Amino acid sequence: MIGTAPSLSRTSASLLAIVVLLVALWLGAAIGETAIPMGVVAKTVANRLWDAGYRLDALDEGIIWNYRVSRAIVAASCGSALALSGVVLQSLLRNPLADPYILGISAGASTGAVGVAVLGIGAGLLTLPLGAFAGALLAFGLVSLLAMRAGRGNGAIILAGVAGSQLFNALTSLIVTKAANAEQARAIMFWLLGNLSGVRWPDVWLAVPVALVGLIFCLWHARALDAFTFGSESAASLGIPVRRVYAVLIGISAMMTATMVSIVGSIGFVGLVIPHVARMIVGVRHGLLLPVSALVGAVFMIAADIVSRIIIPGQVLPIGVVTALVGAPAFAVILSQRRTVR
Amino acid sequence: MNLSACNVSWSAGGGSILEDVSLDVVAGEFLGIVGPNGSGKTSLMSLLAGLRRPRSGRVLLDGESVDRLGRKEIAKRIALVEQQAETGERISARQAVELGRTPHLGPLTPWSAVDEAIVDEAIRNVGMAKLAARLWHTLSGGERQRLHIARALAQQPQILLLDEPTNHLDVGHQIGLLHLVRQQQLTAVAALHDLNHAAMFCDRVALMSGGRIAALGRPCEVLTEERIRTVFGVDVDVEHQGEGRCHIRYRAPGCPRGERPMLKRIS
């Protein structure tokens, strides 16, 4: 939990993490409908960042820089943010099945974003991410209330989450359909299953800071999260201000989820599966679990995005389909393992 | 070190749980809290641990109201062992004990050799050194409860609060655990179910009934035949032993004083 017994030194582990992340981003930018050699990707980045002056095909350079690099960075931020939210929710709620998608937080964020974008709620005052944040908090509030009324049991919050996500997904579909424009079917797909096609550089400047701030806040509370191992009462007796930690960390999770949903739609199962994978790699201490989850989440999301682009030639599969195809079986495995662990 | 409850009352779900309870914990003693189910033992423990705020009255730690102390400040001085705190996480026995260092570490404080030594000592103290690497879910109830005590000791508290720590343990583990607590050079307050355990191990006993303290004092003064009959509705014979201690023998309902129905039937 708290003690450290690293086989790698902290610096070399961090360096390794950065290298892994850069390689993933590099592959994310190179692989796609038109495969572009890795060297060209590197030269494009060098041209753009340091004015290196390599002579490249303008079209390739444009595709790489304007579409692929920004897309890969946003995918990485999104994967990290969702994985971190999953770790936090699973630890605070002490439920291995908790994740922003299953608890309806993503669905609430979608509804909030759609409410602002399509209905114009809070016009001028609320931006898309803020609308999503309001929706996410509202959804989590409703789900927790329902779970509490249902008896606070371990399964209650998951069932309440199922009800919540169905409700908010229905609301999203209703709002989008009612607005009735030609793009409606695609828009519903976007908000329910996620899509990174529309991502550009301005999205990077929102996604990266949110993921980084989220990571720092979570790391700051790593020991507090450890202290929840035996429940909130036990955490309180270990000196953790339980209510404040709940409020801060649930707020941070909602903010991360909402921001990512407002950029790429709601993508499921990342927050559920990645924390479990990370626990298998480094164990349950949050000081290690959080950064490793963020890294694995980032790499997984870039990979899922690559698969979504190349699996059906000439078409882009919504990324949520890919994550669900991996995540749903993993959900089943976790569910059946839970019996043997307890 | 000084912990006391002054006229505390507490209610939950519209019903009053504790009514005007006052209690001074004497430094170095093992104080037992006994009473029927629902008499307010667990609530009193939570109030003493500062986990809940009394509706009225105050809990004082070294003369300061626990409301005013931060959670961390309290956790450095008071450790709580709950009835049965469980986890589904795959943590090792040692990791569970390491949690006890939480109140002494900030977000940026690195884990040090001192913390390591304190954890080692706590694990050795409860006789779990050989099992330190084992995973939590492979351990027995008694072993888990010993680790909870080790975790509490790693907090380096001055006062140890135990809420029915021997629930669900077999009699060997029950006695072993209370003996272990008794051996610590700490002030301990334990809510206990078994009156004989309280009589055997505690310096003083508080008998609770209906959210009030019905009696407080040495085991032989508090655990009298009349009181046990009034509070628990059970007929008993109390045998007095030396040093203010006593032994309680329960009588089967409808059985006259001093008779032992089983023995009679066998002979």
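Before the first stop, a working rule: two residues count as touching when their C-beta atoms, placed from the backbone, lie within 7 Å. Keep in mind, too, that this is a predicted model.

**Stop one: α2 and α3 of chain A.** To see who touches whom, show side chains for Val40(A), Val41(A), Thr44(A), Val45(A), Asn47(A) and Arg48(A) on the α2(A) side. They meet Asp60(A), Glu61(A), Ile64(A), Trp65(A) and Val69(A) in α3(A). Colour this contact by class and you get six nonpolar, two polar and three charged residues.

**Stop two: α4 and α6 of chain A.** Now pick residues 105-119 (α4) and 156-179 (α6) of chain A. How do these helices pack? Their axes sit 8 Å apart, at an angle of about 20°. That makes α4(A) roughly parallel to α6(A), and the crossing is left-handed. On α4(A), the contact residues include Ala107(A), Gly108(A), Ser110(A) and Val114(A). From α6(A), look for Gly164(A), Phe168(A), Leu171(A) and Ile175(A), among others. The class colouring here gives nine nonpolar, eight polar and no charged residues.

**Stop three: the annotated spans.** In an unreviewed entry, UniProt lists several stretches of chain A as "transmembrane region", among them 69-89, 101-122, 245-274 and 286-304. Residues 245-274 of chain A are 83% helix and 0% strand, with the end C-alpha atoms 23 Å apart. Residues 286-304 of chain A are 100% helix and 0% strand, and there the end C-alpha atoms are 25 Å apart.

**Stop four: where chain A touches chain B.** Bring both chains into view. How many residues does each chain put into the contact? Chain A gives 23 residues and chain B gives 27. On the chain A side, select α9 (222-227) and α10 (232-237), each of which supplies at least two residues. The largest share of that side, four residues, comes from α10(A).

Terms used:
Residues numbered from 1 in each chain as written. Chains lettered and ligands numbered in written order. Predicted model: local features only at pLDDT ≥ 70, side-chain atom pairs only at ≥ 80, totals over all residues. UniProt positions renumbered as here; feature names shortened; annotations may be inferred. Axes fitted to C-alpha atoms, helices over the stretch in contact; angles between N-to-C directions. Parallel < 35°, antiparallel > 145°, perpendicular 65-115°, else oblique. Left-handed = near helix turned anticlockwise from the far one by under 90°. Nonpolar A, V, L, I, M, F, W, Y, C, P; charged D, E, K, R; others polar.
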